[in-house]
Amino acid sequence: ADMQELAYAGQFVENTILGLPSGIMDQMTCAFAKHDNALLIDCKDLTMSQIKLPEGAAIVVMDTGTRRELVGSEFANRRQTCETIARALGVPSLRYATHSGLTQLDSSHAAQSKRARHVINENIRTRKAVEAIKAQNINELGQLMTESHQSLRYDYEVSSPALDEIVDTALKSQHCLGARMTGGGFAGCAIALVKDDKVDQFSTEIHENYQSSALQPAENPTKVFSVRASAGASLLH
């Protein structure tokens, strides 16, 4: 089967059977990712670019141990809000929106406009991140990750106390270049960009300093582990 068709099939299942109004990013990544590369996807026409990840930095996953089902959460609400603002701006989607356009909306959209502000800024950050990766500028990449978390926390409001705490703990480490929540939000994991020869020290710091007992049930302990970008799905013969 065509891998893009498989990606669409995966999205169809989420949208129609699970009732989650998700996009196509995760499915396309599972289908087309390459080893040690980041994948830039333009969700307008599904064009893709493989971006070789920089040397000198590792991605470390920090699992808070908290869990929340996306279905029935604020996930669908965020998407609906973005679509509402896009219509108010007269654009097909927020990829075409600008900050100047947001400032011209009337006061009835004030509460919603910060959601759109996050999307506009995140698209800008994504492009900047690609340039930082290409330039092997891991410090800039880390800074963009941290800015992304702050935007997700305050403008899009899809973070949580546990996610914020573990990101803040990571950023206090001298070995950490940047950190942000990842996934659908509200619970789960954050990721940190860490100097690749300091991963063990960083992981120890998270385990020692993250105040997990006050934020999560004891049966779901914090997990910290380094990951590498891997290839997507393929046929096994």
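**Notes on salt bridges and a buried helix**

1. Glu157 forms a salt bridge with Arg115, with the closest N and O atoms 2.7 Å apart. The pair joins distant parts of the chain, 42 residues apart: Glu157 sits in the loop between α6 and α7, Arg115 in helix α5 (residues 110–134). A salt bridge here is a side-chain nitrogen of Lys or Arg within 4 Å of a carboxyl oxygen of Asp or Glu. Helices (H or I, at least four residues) and strands (E, at least two) are DSSP runs, numbered from the N terminus.

2. Please keep in mind that this is a predicted model: local features need pLDDT of at least 70, side-chain atom pairs count only at pLDDT 80 or more, and totals for chains, interfaces and linings use all residues. Residues are numbered from 1 along each chain as its sequence is written, and side-chain values use heavy atoms, leaving out hydrogens and water.

3. Arg115 is buried, at 12% relative accessible area, while Glu157 is partly exposed at 33%. Buried means under 20% relative accessible area, exposed over 50%, and partly exposed in between (1.4 Å probe, protein chains only). Lys114 joins Arg115 and Glu157 in a network of salt bridges.

4. Also in helix α5, Glu122 and Arg125 lie three residues apart, about one turn. Their salt bridge has its closest N and O atoms 2.9 Å apart. Glu122 is buried at 17%, and Arg125 is buried at 11%.

5. Across the whole structure, a search finds 12 salt bridges.
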